[in-house]
Amino acid sequence: MPSHDPSNPEHPPLAARPVSLLPSEALARLALDSPLLCDALSLARWSAPATPVTRNGVPGIDDARTAITRFALWPSDLPGRAAERTTWLGGLHSAADVAHFVVPWSAALRLGLVEIVDAHARPAPGLEDRVRDPEQVLCWWFREFEYTIENARGDLDCPAPAAPGTTGPDLLPGVLRHLYEAPDGSRPDLDTLVREALLSPIPPRSRASDLLLHVLWQLSDTGAVALDHRPATTTGRESHGHCTVELTALGRYGVRRLLLEVGIHAPLVNTLAGASASRFLDALSVLPFEERLAEAGPWLDRRGPAEALRQIAEVVSGPGAALRRWVGTQVLNTTSSELEPELRSLLHSPLPAVASMAAVVLLSSGMLSQRGIDRVLGEYGPWVVIDMVAAAMPPDNANLAGFLSAEGTPDVERSLLDSPDPVRLRAHPDALPVLDALARHHPASTTAARARDLAEQLRGTH
């Protein structure tokens, strides 16, 4: 699911945006109504009191024809007229040939909804009691959600094994994370998902769109995504036509469980007030700026300004925590008028990153005179710039050049590179990563060269 390696301690997992979930009872009702689980339960009940099965655990063709007709398990491309359906049924030789039957039947067996004894299938003991347990239903649903992701195939006509880049694990993780991070109700189209969300190297875009459409159709049987698909016409559009994709409430529940399984913090809305400072700041970092203050208020109210500052200061000093520090300044800005003595005291912290954070809050607080601003900038300006650039750096630094040349941030690096103090700069945990990034990505070659030279100085400073 995630794009990072959760086992690598140098790249801690990012927090997902806070989301809201329906109550378990409501989610369980949605799960029972999802096509795959609904059909699996229908077939389990239909097997009563006992249905003969082959050595492969599949009912005979005559029984399968009965079930297909009763539960409308028709192929999607089969015309709805009775004559065509009768002809199609008569041409079947094995239930295993009918995906719309064998997929939910296999799910029923996998989930233990059906048991096979002496070559006969029947509903598992206590099935109806278990159906009434929301947690049991969600457990069934999530197992099939995971199974579908792992086994979905984009190229259904390709013989096994599937070609690299064409399966659910290749195509779905980045797409599901993209949908999860988007606002509820967002419905990006297929081409947008191919362009912005696929993690693996992809085939040509039109080919990737077709493959993704196929695996999303398979996932839609779980109820995790809703597709609005308008097939291509004869006017020359791509073969996949136009399709928008929405992550459902049930899908949001499933993706959150996947994130939690790999160690990614995935908070729920209005549950951050009790979170630790590190969890709180990491969760806020993935929210749009305008949504952060609404989540910050309850967290601050529970602790009070001074305690909030103490807890934040304890978790922002390490390398790679620049974004956490920057979000911390935004939280503390809302209560800075009550923290002036504590912030001034933190300017003398032996931890440069903490001192830098305090400086940023004071500089943006409106409490300092111009003389005070000049003094803070003169002493802490280079550290502030390091934090500013480090917080703006994406993992691949892809947008760093744009940030450095953007209106409103002209020459932000000058206070870092003009007359630098290598010993003082080296004390900041993110100094070298920032200088290396400036050397590689700064749009001005002379500035990039200065950053490169200064980075070498820092590496030689002891």
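Predicted model: local features only at pLDDT ≥ 70, side-chain atom pairs only at ≥ 80, totals over all residues.
Me: Why is the pair of tryptophan 46 and phenylalanine 101 called edge-to-face?
Reply: Rings of Phe, Tyr and Trp (its six-membered ring) pair if their centres lie within 6.5 Å; planes under 30 degrees apart count as stacked, over 60 as edge-to-face and the rest as tilted. Here the centres are 6.5 Å apart and the planes stand at 90 degrees, so the pair is edge-to-face.

Me: What makes tryptophan 46 and tryptophan 105 an edge-to-face pair?
Reply: Their centres are 6.3 Å apart, with 80 degrees between the planes. Tryptophan 46 lies in helix α2 and tryptophan 105 in helix α5, 59 residues apart. Helices (H or I, at least four residues) are DSSP runs, numbered from the N terminus.

Me: Why is tryptophan 105 called buried?
Reply: Buried means under 20% relative accessible area (1.4 Å probe, protein chains only). Tryptophan 105 has 1%, so tryptophan 105 is buried. Tryptophan 46 has 11%, so tryptophan 46 is buried too.

Me: What makes arginine 110 a charge over the ring of tyrosine 147?
Reply: The CZ of Arg, or NZ of Lys, must be within 6 Å of the ring centre and within 35 degrees of the ring normal. Arginine 110 lies over the face of tyrosine 147, at 3.6 Å from the ring centre. Arginine 257 lies over the face of phenylalanine 142, at 4.0 Å.

Definitions and conventions
Residues numbered from 1 in each chain as written. Heavy atoms only, no water. Helix = DSSP H or I, 4+ residues; strand = E, 2+ residues; numbered from the N terminus. Buried < 20%, exposed > 50% of the residue type's maximum accessible area, 1.4 Å probe, protein only.
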